Every structure is written in C-alpha cells, then in structure tokens.
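Subject: A structure for you to look at

Hi there,

Here is the structure I promised to pass on to you. Please open it next to this email and follow along as you read.

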Amino acid sequence: MPLMLKIDFVSDVSCPWCAIGLKSLEQALSQVPEVQAEIRFQPFELNPQMPAEGEEINAHLARKYGASPAQLEQTREQIRQRGAALGFTFTKGARDRIYNTFDAHRLLHWAGETDLAKQKALKLALFTAYFTEGRNPGAREVLLAAAESAGLDRTAAEAVLDSDAHAAAVREQESLWHAQGIHSVPALVINERYLLQGGQPPEVFAQALRQIAAEDAQAGAAGT
C-alpha cells in the first residue's frame, strides 16, 4: 500500500521556478509508486506591495536583483529550457509585467477548501495564463476563467473576488510560513518536518521522496 505524504507547496503564481517545481514534483511522484501525495498550495507573495497595474518586468528585476539585460535573458532561456523538458511552455516575450497576486492566493485558498484536485488545476491554470499566455494572474476575468477551467463554480469564485473573503486566512498563512523560515519559493514542506527547496529536477525530488518515505515507514514500524 503506498505511503501517503502531506506536501505543503509554498509558492507564488508569478514565480517561474514554482511552475518548474510543480511540474517536476508531478514527474517525481510518477517515478515513486510507493508514495502518494496530498498536495496543498500555500501562499507566498514575492511582491506583496506591487500595485494592481503591475510593473514592467525588466525594470522590476533589474532593481530587485541588480541583473543586467544579458543576465536576465540568460536566466529566461534556462527557464524556457527547463520548462520545455517538463512539458510546460514559457512563451518567449509573453511575460512583460509583474503583477500583484493576492487575489490569486485568496482564490486558491478557497479552492483548497473546496477540492484539492481543483486547487491544483487552478494553480496550473494560473501558471499557464501568466507564463504561457502572458495574461495578468491578478485580473478578475483571468482568475474567473482559470477557476472555470479548473472545474470550480464561477458564481462562487465571483463571490470570493467581489469580497474580502479569505484575505485574513491568506495573510495568516503567509506570516506562518515566513515565521517558519520560508523566504524563497518554491518550498515543499513534507509531513510538516522535511523541507525541499527550489525547482529541483524530477530525479532529485524522487530521491528525496523515497528517502522520506523510507524514514517514515521505519519510524512507523519502530512505533508499533
């Protein structure tokens, strides 16, 4: 019988390495049949002070990281290649602005209370909207279209977005993860004890999952 692992996937929908990390985790899980995972997506805002209209991406990244245009393009090409190898498309030139993602996190929180499979589908839809299609993942219509594509009720999603529903819960969760030392994403917290960070290759995630499963199985056997 497969061992069930609880994975808290702390990430932001505007983070390309988070999209890579999720696709990599999916492949890793397919390589480790002795493990099943309950994945919950947890909020993290890379730019919590970003205005709704966003900011031009090159200016933002240059100011935030001090990167030159050549360095930025080199990183983008690396991201495109990593995504392609995992079956995810980072469309060249599509992502020209950074946006506020707080409403996306509110909608994801609501989706997680509704159905974890649909929460994952929503997360992937938002990654696709932003990185593949170049759309604003904080825009109401983009969020509603993503919710519908994930099989969520549009009217209920509208009610979330047209109120401050789940705002306090999202902020509380963000503070919790910061307090636990999560300052970069993606961060995968497994069974509330193990931490995997970054958009690792599938084989790295798979090896870690096997090791964690073996340790938990051994601990369980020792406790019986």
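Predicted model: local features only at pLDDT ≥ 70, side-chain atom pairs only at ≥ 80, totals over all residues.

Four strands form an open sheet in the order β2-β1-β5-β6, and their pairing is mixed. At the edges stand β2 and β6 (194–197), each with a single partner strand, so one side of each has no neighbour in the sheet. From one strand to the next, the twist averages 25 degrees.

As a reminder, strands of a sheet pair through backbone hydrogen bonds, either parallel or antiparallel. Both kinds turn up here: β1 and β2 pair in the parallel sense over nine bridges, while β5 and β6 run antiparallel and are joined by four bridges. To find these pairs on your screen, look for Ser 11 opposite Pro 43 in β2, and for Val 189, whose bridge partner in β6 is Leu 195.

The hairpin of β5 and β6 has three residues between the strands, and Asn 191 there takes a positive phi near 55 degrees.

**The helices**

Helix α1 (residues 16–31) packs on the sheet, where it touches β1, β2 and β5. The direction of α1 makes about 170 degrees with that of β1.

Helix α8 covers residues 167–179, which is 13 residues. From first C-alpha to last, α8 reaches 18 Å, close to the 18 Å expected at 1.5 Å a residue. Its buried residues are Ala 167, Val 170, Glu 174 and Trp 177. Seen down the axis of α8, these buried residues fall within an arc of 100 degrees, so they line one face of the helix.

What do the buried residues of α8 pack against? Their partners are β1 (3–11), β2 (35–43), α4 (102–114) and β5 (187–190). On the face turned away from the buried side, α8 carries the exposed residues Ala 168, Glu 172 and Ala 179. Just after α8, Gly 181 takes a positive phi of about 95 degrees.

**The cysteines**

The structure holds zero disulfides. Cys 15 is buried, with a relative accessible area of 4%, and Cys 18 is buried too, at 0%.

Enjoy exploring!

Conventions: Residues numbered from 1 in each chain as written. Heavy atoms only, no water. Helix = DSSP H or I, 4+ residues; strand = E, 2+ residues; numbered from the N terminus. Expected span 1.5 Å × (residues − 1). Buried < 20%, exposed > 50% of the residue type's maximum accessible area, 1.4 Å probe, protein only. Arc of directions from axis to C-beta. Contact = heavy atoms within 4.5 Å. Disulfide = S-S within 2.5 Å. Pairing = 2+ DSSP bridges. Axes fitted to C-alpha atoms, helices over the stretch in contact; angles between N-to-C directions.
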